[in-house]
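This briefing walks through a few selected places in one protein chain. Please keep the sequence and the 3D view open while you read, and look up each residue as it is named.

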Amino acid sequence: MNDNNNSIEHSDELIDQSLVRSGEVMPGVIHMLPVTSRPFFPGQAVPLIMEEKHWGPTFKSLSKKSSSILGVVLADAPTAELAQPDDFRRIGVVGHIHRIQQIEDRLQVLVEFVQRFEIKKVLTSSDPFMAQVEYLPEFSGRPNREIKSYALAIINTIKELLPLNPLYAEELRMFLDRFGPEDPSHLADFAASLTSSNKKQLQSVLEAVELLPRMERVLVLLNDELEMARAQHEIRQSVEQRMDKQQREFFLREQLKSIQHELGIAKDDRTAELDKFTERLDELTLPKQAQTRLDEEMEKLAMLETGSPEYAVTRNYLDWITLLPWGKHSTDKLDLAHAGKALDKDHYGLEDVKERILEFLAVGIMKQEISGSIILFVGPPGVGKTSIGKSIAEALGRKFFRFSLGGIRDEAEIKGHRRTYIGAMPGKFIQSMKEVGTENPVIMLDEIDKVGASYHGDPASALLEVLDPEQNSDFLDHYLDLRFDLSKVLFLCTANQLDTIPRPLLDRMEVIQLSGYIASEKLQIARKYLLPRQIKRAGLKRNQIKINAPAMRAIIEGYARDAGVRRLEKQIGKIIRKCVIKILEGTKTPISVEKDKLKDYLGNPLFREERNMAGAGIVTGLAWTTMGGATLTIEAARTHSFNRGFKLTGQLGDVMRESAEIAYGYIIGHAKELGADPAFFEKSFIHLHVPAGATPKDGPSAGITIASALLSLARDEDLARPLAMTGEMTLTGEVFPVGGIREKMIAARRAEIKELIIPKENQGDYEDVPEHIRKGIKVHFAANFDEVAPLLFRKRRRTARKSP
């Protein structure tokens, strides 16, 4: 031990031998010890824990004096070691040191505090701190009535605190051993020391030298402490009551189990689980293979301890197997008239689609069984693909389950996880069978064209087994590891396009195309379905809001020109919500929405009227998109005659660029035959542009349109009349068939174009288009561009443009 420690140990001996309680004479200069946690009061005996390294010199210096007097003062510093004289509070408390004991690198100093003092001057700027002080006298004499009242109030409050915290009783006993309740000064200081108030509040009590103000402050702190103690007591009682109730219920349940076991009427958890599985199996018809596996698993469960991990895995496996609808079937409604009404109830138009669905159902009715089939509905968003699936389930009286395949990238989502994995579950199809509770539901697979692939596997390939009628009677889920029959399920799939569906998967499905609606169909759908549904959702009556036919047509043309009706329903819902606000503000009903007021409800129109651009080199084409059909204006212009060239703009894809190159080459090679000057292209730089440059465009169907625009430019002749066309073109001028004829005809009707040119090989597709769409549109069928060119211009032709 170093010298400091030896000195401190020596000082212990001096203090223990020479310490005499001195009440008469106190030194005017004393050692100071700062504290930062809370101040102390006269009458307290407190063990102080100090860092020996920092405060050892102070106690060494103190041991050299004849007295063992130490002043303790609150300091406004983060720690006592960092305190400076400027941080000391003005009032502190002086005490006698009774014992100094070193414990490892700390000092434990027992100090009995006896009197307040006021610092007059700090004599040292660093530790050991010395200060000149003036002692403040404590109250003496007989207390008056007011002081007695406060003392009594303090004592009564302490009495209320005693039952709430046993520690208060021990401190009170120590106080009464040294002082009496008739000593109001020490009583007030003792009461303040009992509280858990902050150091600022306690210092204000210490600085209150006058007894009456001090007692007032103490009583406030005591009442705060009493409220906090009561709250803690209530919380503790509430927790104890809940714990007692839970313990009591636990003991009662254990006693009940013991009594039931003695009487032979109780089952343990394992037996109860086995009995539950057995009860479920009584209602099922399992194949022999599944029954064998189930018996093995139940024997295994009977031998396992309920707390083992394997028990939980086996129990969950048996739970899944016994919840599947083995041998359960719902009875089909084999009524063609009922099926037709179910389809008509929620869908307007789509006659060709309904006819194909009824043909499919008629075959099932004829053989008295709707066997599992796979139907794919393809069409733009919002045309009713999903809702038709619900109507088919309702027509058959079958359970309906839908889940989306969009974004699925893990094969385990389809075929399940193997049981070796923690948290393993069956795939979506087995989950759906458990949900519906029958073996012959209608399951809709939405967005089958958006199935992804990743390092987890290819879900599209996993679907091959599910959607193959020759294989799905023995569908194997990885979790069950049992064969389950999906052949009775009617699978309905939806997609926006066929291009992204793998060919082997597409071959397993019967495709039904759902094209977009024309304006007249949208008008009927809005009046019969969308408007009543939105009014009902808003909690209104049918006669409270009216949207007349001109206003509805304006909504369709200006705000909802999509192929489907989803955007149309959103716009109607927006109008209904604004009308609800008006009704709540006091507007009388019915509220009539007029065409000229639509801007107040929906803002500016989202779609402008399609401009039928005209002029030499300008031709309108027809395009198909995932949102339906659209018109496509193609512009050709000669920009200069400095050199020969051909430029393409409009964000065209590779296939469309190739089509443009083919058309350019064909027109140059056959210019004379087509009535153009062959020398025109020799020194002409041709710029071909497709407007809406921010929208990507691709595909071969603009071939004859591009060729017509180049021919019109070369002849410097406008088209004879509004005309739109579509068709792929080859180097020899052959016109090949294209897709989306119905959608393109709807787009032409929307643009009020009454004359079309389409490939001859698409004549069958044209005849499949419903009559109400074909009505009023004149169609020319062309097998070669030689048949297209005569349809473009007036018979009385202008003189061909000369070469520059």
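A polar contact is a pair of N or O atoms within 3.5 Å, and within protein one of the two must be able to donate a hydrogen and the other to accept it. With that in mind, please remember that the model described here is predicted.

**Arg-116 and its surroundings**

- Arg-116 belongs to strand 5, which covers residues 106–122, and the side chain of Arg-116 makes a polar contact with the side chain of Glu-138 at 3.2 Å.
- Because buried means under 20% relative accessible area, Arg-116, with a value of 1%, counts as buried.
- Leaving aside residues up to four places away in sequence, Arg-116 touches a set of residues that includes Phe-41, Tyr-135, Asp-189 and Arg-214, and Glu-138 is also among them.

**Strand 23 and its partners**

- Five of the five residues of strand 23 (residues 755–759) are buried, so this strand is largely enclosed by the rest of the structure.
- Strand 23 pairs with strand 20 (residues 724–725) in the parallel sense over two bridges, and Ala-724 has Leu-756 of strand 23 as its bridge partner.
- Strand 23 also pairs in the parallel sense with strand 24 (residues 778–782), here over five bridges, and Phe-781 in strand 24 is the bridge partner of Ile-758.

**Helix 24**

- Helix 24 (residues 741–750) is mostly covered, since eight of its ten residues are buried, and among these buried residues are Ile-741, Arg-742, Glu-743 and Met-745.
- Glu-752, which follows helix 24, has a positive phi near 60°.

Definitions and conventions
Residues are numbered from 1 along each chain as its sequence is written. This is a predicted model: local features need pLDDT of at least 70, side-chain atom pairs count only at pLDDT 80 or more; totals for chains, interfaces and linings use all residues. Side-chain values use heavy atoms; hydrogens and water are left out. Helices (H or I, at least four residues) and strands (E, at least two) are DSSP runs, numbered from the N terminus. Buried means under 20% relative accessible area, exposed over 50%, partly exposed in between (1.4 Å probe, protein chains only). Contact means heavy atoms within 4.5 Å. Two strands pair if DSSP finds at least two bridges between them.
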